[in-house]
Amino acid sequence: MQFTYSNPTTIFFGQGQIAAIKNAIPADKKVLMIYGGGSIKKNGVYEQTKTALDAHTWLEFSGVEPNPTKETLDKAVAIVKAENIDFILAVGGGSVIDGSKYVAAAAKYDGDGWDIMTRKHTVTDAVPLGAVLTLPATGSESNSGAVITKAETHDKLAFMTPHVHPRFAVMDPDVMKTLPEHQLLNGLVDAWVHTCEQYITRNTNAYVQDAYAEGLLRSLKTLGEQFASRDNDEWRANLMWSANQALNGLIGVGVPQDWATHMLGHEFTALWGVAHARSLAIVQPSLLRNQIEAKREKLEQMGKNVFFLGENATAEATIDAIEAFYHQLGVETHFSEYENTKADAVSAVVKQLDKHGMTALGENGAITLEASEKILESAIQ
Ligand code: NZQ
Ligand code: ZN
């Protein structure tokens with residue numbers, strides 16, 4: 001085990017915490033509030049944020065779409081540059097927070113912001129940012145990653161840099177009350193797969209990380225089982241905190257990580273607009289079956305410690321239990337909404353993976369294009 005770990009995001013968790021922004025952003029900062037399609041105007045979040053920013057000079061930029069595009073975000077970059085903005089406040093879900101991270105980094109660069117995504121430009125500075133989370137799923141509110149799409153070319157790429165790690169995150173579970181059912185399910189599934197990506201790899205006897213990951217998976221499983229009776233403060237708070245902890249970096253320190261489900265899933269979103277979490281549920285069971293030998297030991301451990309399968313905790317039974325968990329939530333584990341033939345759909349994804357250099361994925365680099373093709377042949381029906 002060898003790692004350096006720092007998570008500098010101050011978390012303001014609980015009801016009424018949006019007011020904390022007032023003191024969390026230095027009084028002399030000129031703020032750009034960035035948000036999405038307007039859900040915050042219907043649930044009081046915009047009003048609460050506005051009140052908290054009373055003493056600040058601030059501007060706003062709206063219209064960041066789900067799976068945020070560089071085309072939209074570049075307009076916000078221009079505002080940050082022209083108005084000498086020195087603090088960004090992201091108010092929304094993962095898309096708004098990721099988009100704000102791109103804006104924060106691109107505003108400190110003279111070239112095309114997309115150079116950050118293609119690694120042509122290495123981020124060395126960014127406008128400081130904070131977040132008000134409205135959809136628990138991605139963990140973006142306290143991590144240093146962001147996923148951005150170039151609509152023009154159907155490229156969906158990720159970047160990570162500590163320079164865009166949010167200074168603070170407001171997490172008030174009350175804001176989840178207006179989330180439609182499918183977005184709550186997406187959040188649950190995304191947090192579940194984030195935990196799996198850092199846990200179902202090869203066994204390294206990292207007792208703390210394993211136990212913490214299993215605790216998160218059990219908590220998410222319980223929230224899934226309680227889904228029908230989810231309309232209460234406890235349920236919302238548990239989902240919000242679980243999703244944050246699943247991808248704030250802690251469970252992944254010093255252990256192998258996979259992320260292949262995410263890389264294949266991103267291509268479904270880029271090609272066909274499949275919602276992020278849905279793309280993961282489509283890929284993951286097929287990927288685990290394809291990689292079962294490499295992951296056998298951890299799958300058995302998960303069967304025992306998460307699904308309580310006892311003597312029957314085989315790797316095969318654990319994958320079946322994961323798939324049954326998705327089905328119980330009404331989440332599909334196959335994809336059939338392609339335009340032409342199944343063969344065309346499989347080859348379209350493989351081509352994208354090739355284009356993006358995704359040719360040796362997984363904790364062992366064992367998911368080659370050939371392996372991806374096999375996984376896709378099972379995931380696409
Ligand atoms: O745009 P508005 O009007 O706000 O509506 C949003 C959006 O349509 C709506 N919404 C958000 N909060 C709401 C609400 N509606 C009612 N009440 C509320 N309180 O929900 C819709 C989806 O929002 P979005 O931000 O797109 O969802 P999510 O948080 O799932 O983010 C998905 C994005 O995050 C990326 C994904 O690839 C995708 O682009 N990811 C980011 C990661 C990271 N930074 O670490 C990791 C993840 O694996 C993921 O890849
Ligand atoms: Zn995800």
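1. **What covers helix α14.** In this predicted model, the cover over the buried residues of α14 includes α10 (260–272) and α15 (369–379). Which residues of α14 are buried? They are Ala 345, Val 346, Val 349, Val 350, Gln 352 and Leu 353. These residues span an arc of only 160 degrees around the axis, so they sit on the same side of α14. Ala 343 and Lys 351 are on the other side, and they are exposed. An α-helix has 3.6 residues a turn, so residues three or four places apart point the same way.

2. **The length and end of α14.** Helix α14 runs over residues 342–355, which makes 14 residues. From first C-alpha to last it reaches 20 Å, close to the 20 Å expected at 1.5 Å a residue. Just after α14 comes Gly 357, with a positive phi of about 75 degrees.

3. **Helix α5, an enclosed helix.** Compare this with α5 (residues 94–106). Twelve of its 13 residues are buried, so α5 is largely enclosed by the rest of the structure. The buried residues include Gly 94, Asp 98, Lys 101 and Tyr 102. Among them are also Val 96, Ile 97 and Val 103. The length of α5 agrees with expectation: 13 residues at 1.5 Å a residue should span 18 Å, and the end C-alpha atoms are 18 Å apart.

4. **Thr 138 and its contacts.** Thr 138 lies in the loop between β5 (129–133) and β6 (145–150). What does Thr 138 contact, leaving aside neighbours within four places in sequence? The list is Gly 94, Asn 143, Asp 190, His 194 and Leu 247. Gly 94 is one of the buried residues of α5. Take Asp 190 next. Thr 138 and Asp 190 are 52 residues apart in sequence, but their C-alpha atoms are 6.6 Å apart in space.

5. **Thr 318, a buried threonine.** Thr 318 belongs to helix α13 (residues 315–328). Its relative accessibility is 0%, so Thr 318 counts as buried. Not counting residues up to four places away in sequence, Thr 318 touches Leu 299, Met 302, Gly 303, Phe 307 and Leu 309.

6. The whole structure holds 18 salt bridges. One of them joins the side chains of Asp 210 and Lys 298, at 3.1 Å from N to O. This pair links distant parts of the chain. Asp 210 is in helix α8 (residues 207–225), Lys 298 is in helix α12 (residues 292–305), and 88 residues separate the two. Are Asp 210 and Lys 298 buried or exposed? Both are buried.

7. **A second bridge to α12.** Asp 258 forms a salt bridge with Lys 295, and their closest N and O atoms are 2.6 Å apart. Asp 258 is in the loop between α9 (233–246) and α10, while Lys 295 is in helix α12, so the pair ties together parts 37 residues apart in sequence. Asp 258 counts as buried because its relative accessibility is 8%. Lys 295 counts as buried at 1%.

8. Arg 296 forms a salt bridge with Glu 293, with 3.0 Å between the closest N and O atoms. Why are Arg 296 and Glu 293 separated by about one helical turn? They are three residues apart in helix α12. Arg 296 counts as partly exposed, at 22% relative accessibility. Glu 293 counts as exposed, at 58%.

9. **A network.** Salt bridges can also link up. Lys 70, Asp 74 and Asp 112 are linked in a network of them.

10. **Positive phi without glycine.** Most residues other than glycine have a negative phi. Arg 119 is not a glycine, yet its phi is positive, about 75 degrees. Arg 119 is placed in the loop between α6 (114–117) and β5. It is exposed, with a relative accessible area of 54%. Trp 259 is not a glycine either, and its phi is also positive, about 70 degrees. Trp 259 lies in the loop between α9 and α10.

11. **A nonpolar patch on the surface.** Met 1, Phe 3, Tyr 5 and Leu 250 form this patch. Together they have about 400 Å² of accessible area. Phe 3 lies in the segment before β1 (10–13). With 43% relative accessibility, Phe 3 counts as partly exposed.

Notes
Residues numbered from 1 in each chain as written. Chains lettered and ligands numbered in written order. Predicted model: local features only at pLDDT ≥ 70, side-chain atom pairs only at ≥ 80, totals over all residues. Heavy atoms only, no water. Helix = DSSP H or I, 4+ residues; strand = E, 2+ residues; numbered from the N terminus. Expected span 1.5 Å × (residues − 1). Buried < 20%, exposed > 50% of the residue type's maximum accessible area, 1.4 Å probe, protein only. Arc of directions from axis to C-beta. Contact = heavy atoms within 4.5 Å. Patch = residues over 30% accessible without salt bridge, like charges linked within 9 Å, V, L, I, M, F, W, Y side chains within 5 Å. Areas by Shrake-Rupley, 256 points an atom, 1.4 Å probe, with all protein chains shown as cover. Salt bridge = Lys/Arg side-chain N within 4 Å of Asp/Glu carboxyl O.
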